[in-house]
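Subject: Structure for your review

Dear colleague,

Please find below the structure I am handing over to you. My notes on what was found in it follow.

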Amino acid sequence: MKGKAKNKNPRLALTKRNVKTWGYAYLFIAPTVLGVLILNLWGVIQSFYYSFHEVKGFNAPIFIGLDNYVRLFSDKEVWISLKNVFVYAIITVPIGVMLSLLLAVLLNAKIKGKSFFRCIYFLPVVSAPAAVALVWKWLYNKDFGLFNQILNEMGISGPDWLGDPGMAMISVAIVGIWSMVGYNMILLLAGLQDVPGELYEAAEIDGAGPFQRFLKITVPMVSPTLFFVIVTSIISALQVFDVIFMMFKPSAPAFRSVESIVYLFYRYTFTNYNKGYGSTIVVVLFAIIMILTVIQLQLQKKWVHYND
């Protein structure tokens, strides 16, 4: 009897300990979960609701059915802003991801000062976006910006980086690439550190060169992390806002060539106080992001290798 009691009590104690542990775990994640539910999920539900209503200022919502969507699909400004963000994504995502992977590979090698370089490349991530945009705005200044000063010293007439519609998107894309490289590099670096060194040693013995080892070992082994980086980079590119908001005035000649869909949402919602149409814009963007993400989830089956 006593033996049975001894065998039973530890199980009960273990169960109670588990419940207590789970309770603490849920308590710690509760603020984040509540934040997501209140700030994100409720915002999504409210946006869907407002997209079928006319909501101007602080007036009560008036149901108008699909009128906002009919207006949106015939709005040229919406299509221009969508084109702008896709061009921005096409420029920034491939270049940014490739640079991130290259830097991650270099910083994963045995070189001196790795910690210093990791900190330097990660600094843009922890810098305030508004401050970053203002610094880059000064660098791009046509008259006294650092870039044009350097070009003038070389006898080259510097371009109007932010005033020329043909250069504005390139200028914004450079800032976007600079901002994303550090964060993506850290993620890829973490993935690279899980790759067994024996694979590289075996490949080197078999005569594989550095480029072959990179294609045949590094890329397949880090592909799950690379897939995550690509998905999040595309989503982030389609939602670009802060750099455009800080670096361009709506009256600027080049503004229409860089105006993003999120900036359009901001203008209608917070400047024109038309929450209904603004919500319709962001719902369409949400649908586009969801469709692209689903497509990527299907395509990843062909090139992402998971080590089960």
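A residue is called partly exposed when its relative accessible area lies between the 20% under which it counts as buried and the 50% over which it counts as exposed. Phe245 has a relative accessible area of 33%, so it is partly exposed. Phe241, at 22% relative accessibility, also counts as partly exposed.

Please note that this is a predicted model. The average pLDDT of the chain is 87, and 94% of the residues score at least 70. Over residues 1–7, however, pLDDT stays under 50, and the model has one contact beyond four places in sequence for that stretch.

An unreviewed UniProt entry carries the annotation "transmembrane region" for residues 21–45, 85–107, 119–139, 167–190, 226–248 and 276–295. In the model, residues 21–45 are 100% helix and 0% strand, with the end C-alpha atoms 33 Å apart. For residues 226–248 the figures are 83% helix and 0% strand, and the end C-alpha atoms are 32 Å apart.

Nonpolar core

The largest nonpolar core has 58 residues, of which Ile244, Met247, Phe248 and Ile261 touch the most other members. Several helices each supply at least two residues of this core, among them H2 (67–73), H3 (76–108), H5 (129–140), H7 (165–192) and H9 (210–238). The largest share, twelve residues, comes from H7. Leaving aside residues up to four places away in sequence, Met247 touches Ala133, Trp136, Lys137, Tyr140, Leu162 and Val175.

Aromatic pairs and charges over rings

There are 22 aromatic pairs in the structure. In one of them, the ring centres of Tyr140 and Trp161 are 5.4 Å apart and the planes stand at 35°, so the pair is tilted. Because Tyr140 lies in helix H5 and Trp161 in the loop between helix H6 (146–153) and H7, this pair ties together parts that are 21 residues apart in sequence. Both Tyr140 and Trp161 are buried.

The pair formed by Phe241 and Phe245 is stacked, because the ring centres are 5.3 Å apart and the planes are at 25°. Phe241 and Phe245 also belong to a cluster linked by ring pairs, together with Phe255, Tyr263, Phe265, Tyr266 and Phe270.

Two arginines remain to be mentioned. Arg71 lies over the face of Tyr277, at 3.9 Å from the ring centre. The charged end of Arg267 sits over the ring of Tyr268, at 5.3 Å from its centre.

Yours sincerely

Methods
Residues are numbered from 1 along each chain as its sequence is written. This is a predicted model: local features need pLDDT of at least 70, side-chain atom pairs count only at pLDDT 80 or more; totals for chains, interfaces and linings use all residues. Side-chain values use heavy atoms; hydrogens and water are left out. UniProt positions are given in the numbering used here, feature names are shortened, and annotations may be inferred rather than shown by experiment. Helices (H or I, at least four residues) and strands (E, at least two) are DSSP runs, numbered from the N terminus. pLDDT is the predictor's confidence in each residue, from 0 to 100. Contact means heavy atoms within 4.5 Å. A nonpolar core is a set of buried Ala, Val, Leu, Ile, Met, Phe, Trp, Tyr and Cys residues joined through side-chain atoms within 4.5 Å. Buried means under 20% relative accessible area, exposed over 50%, partly exposed in between (1.4 Å probe, protein chains only). Rings of Phe, Tyr and Trp (its six-membered ring) pair if their centres lie within 6.5 Å; planes under 30 degrees apart count as stacked, over 60 as edge-to-face and the rest as tilted. A charge sits over a ring if NZ of Lys or CZ of Arg is within 6 Å of the ring centre and within 35 degrees of the ring normal.
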